[in-house]
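Here are my notes on the model you sent over.

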Amino acid sequence: MWKKIELDIEGMTCLSCEKIITQVLKELPGTHDVVVSKEKKGGSLYLDTEVTPVKKVTGSIEEAGYSVTGVQEQDVKKGWKPLEVSSGKGSENGPVICEFPPTEKRSGEGKSIPKMKPAQKVTLSLSGMHCASCAALIERTLRKTNGVQQVVVNFAAEKASVVYQENVTSPDELIRVIQMAGYDARVVTAANREKESHQKEEEIRNQWRIFLVSLALSLPMMYFMFLDFFKWLPGISTLPPYFGILSLLLSTPVQFIIGSRFYRGTWSSLRMHTFNMDSLIAIGTTVAYGYSIVNYGQYIIANGSAIGLFGGKIPDLYFETSAFLVTFVLLGKYLEARAKGQTSNAIQKLMKLQVKSARVKRNGNIEDIPIEEVREGDIIIVRPGEKIPVDGVVLNGHSAVDEAMVTGESIPVEKGPGDPVIGATLNKVGSFEFTVTRVGEDTMLARIVQLIEDAQGSKAPIQAFADRVAAWFVPIVIVIAFGTFATWYFLLGAPLAFSLMALTSVVVIACP
């Protein structure tokens, strides 16, 4: 049944908000002539309520981070249908009267309307995110992809949950879109969860190694700083003339090799016409390093020497500032990655409960096979003290099974022919045979794991507000930083070095 729906929407602040809500509504099955206006604080659409209920429309808008404060429904003329629906390509001139169902051909035209397949859901593991702005960028990018109905990106869990139309897009296309935005993604399945965990652990170890290399290159420059304050330290009479050349050699690989990730992140965000935390780090470190390079070059030209004259150091060099900024941010990245890695401990412990093999009776023979090769209808033998490999129904035999991992009940449950058994629970005293009813992702243990992952990947309502703030945070910080520079240098007459350091301080303080 077609209706015209009028919506009152709160939370729109710009044209991008209009586009986001319009895209979300157009991708719902059974929608047509979607119009959203920030000025009018609302929108309208024609909706086939038999395909998509009104509650689904309001829920989709709220999942996108906005609030629906009012809904008005109006019946339309009986018997008419829009010419095209559910594809975001509705008629330019409004609804067209049709006497045929949307999935059939009109006589004489040879034109058919595609029938939408049921929506599919995929969970993607993300890498390369640095802040909430990154998560918001990925979410906006996926929402713009044809066929995507719903997206939730969780920065802490590093997961994206995407609902999409199978005949319009695919997981491979979603991954390609994410990669174009400057990040990486992998499909999460029950089969590769353990592999995913090992990859995350390796990424954490790699971040630690990179931090140690950056720290090793930066520590000598910290010693140079100590020599300015503690005149009794070794090297006070010989090292100062070489501060400049040594700092340049030590800071350059930190800035451009170890810190290249921040430039890549900045470039990716600029391609998407936005900013992220990498932009702040890249700007802050580049200003400090670039200013030092200019001063060092001027000193060499003026004095004809790459080392300090008369036993003194070359003034106004801030190579250590850029190096230590990169090093400290890398330490923060490592600590953050380790903390996020701990969020999946519960899932890993559940996965370890899964049995690796099963004793199967096939063609009169009994053989041990990997759990991945077990199929529905197989007959499995379980002996005392063994874990039940998968879900099933007891065929013969009697025993008591400890189901505490599912029910929390410590008293074993008696099992006999016809009773259900749950994979990963512990058989106690007797032996029995059972017929397999569920394997792989259909088992109760797999579904529990999936529920936990869905909970980790979901967002609290306040996160939608936080994501909107994050989208504006970085550009506002950049404006404030350059405003600080202009105030000190042009209005207050401060030296260029001091004004640049004031700019860098604003950017750097905002980085964490």
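1. Helix 7 covers residues 260-271, twelve residues in total. From its first C-alpha to its last it reaches 17 Å, close to the 16 Å expected at 1.5 Å a residue; the expected span is 1.5 Å times one less than the number of residues. Helices here are DSSP runs of H or I with at least four residues, strands are E runs of at least two, and both are numbered from the N terminus.

2. A word on the basis: this is a predicted model, where local features need pLDDT of at least 70 and side-chain atom pairs count only at pLDDT 80 or more, while totals for chains, interfaces and linings use all residues. Residues are numbered from 1 along each chain as its sequence is written, and side-chain values use heavy atoms, with hydrogens and water left out.

3. Back to helix 7: Ser260, Phe262, Gly265, Thr266, Ser268 and Ser269 are buried there (buried is under 20% relative accessible area, exposed is over 50%, partly exposed is in between, with a 1.4 Å probe and protein chains only).

4. Strand 1 (residues 2-10) has two partners to check. With strand 3 (residues 42-48) it pairs in the antiparallel sense over seven bridges, and tryptophan 2 stands opposite aspartate 48. With strand 4 (residues 67-75) the pairing is also antiparallel, over eight bridges; there, isoleucine 9 has valine 68 as its bridge partner. Pairing requires that DSSP finds at least two bridges between the strands.

5. Strand 9 (residues 357-362) and strand 10 (residues 365-370) run antiparallel and are joined by six bridges.

6. Which residue in strand 2 deserves a look for its phi? Aspartate 33 lies in strand 2 (residues 31-37), and its phi is near 50°, positive in a residue other than glycine. Aspartate 33 counts as partly exposed because its relative accessibility is 24%.

7. Alanine 424 is another non-glycine with a positive phi, about 80°. This alanine sits in the loop between strand 15 (420-421) and strand 16 (426-427). Is alanine 424 buried or exposed? At 5% relative accessibility, alanine 424 counts as buried.
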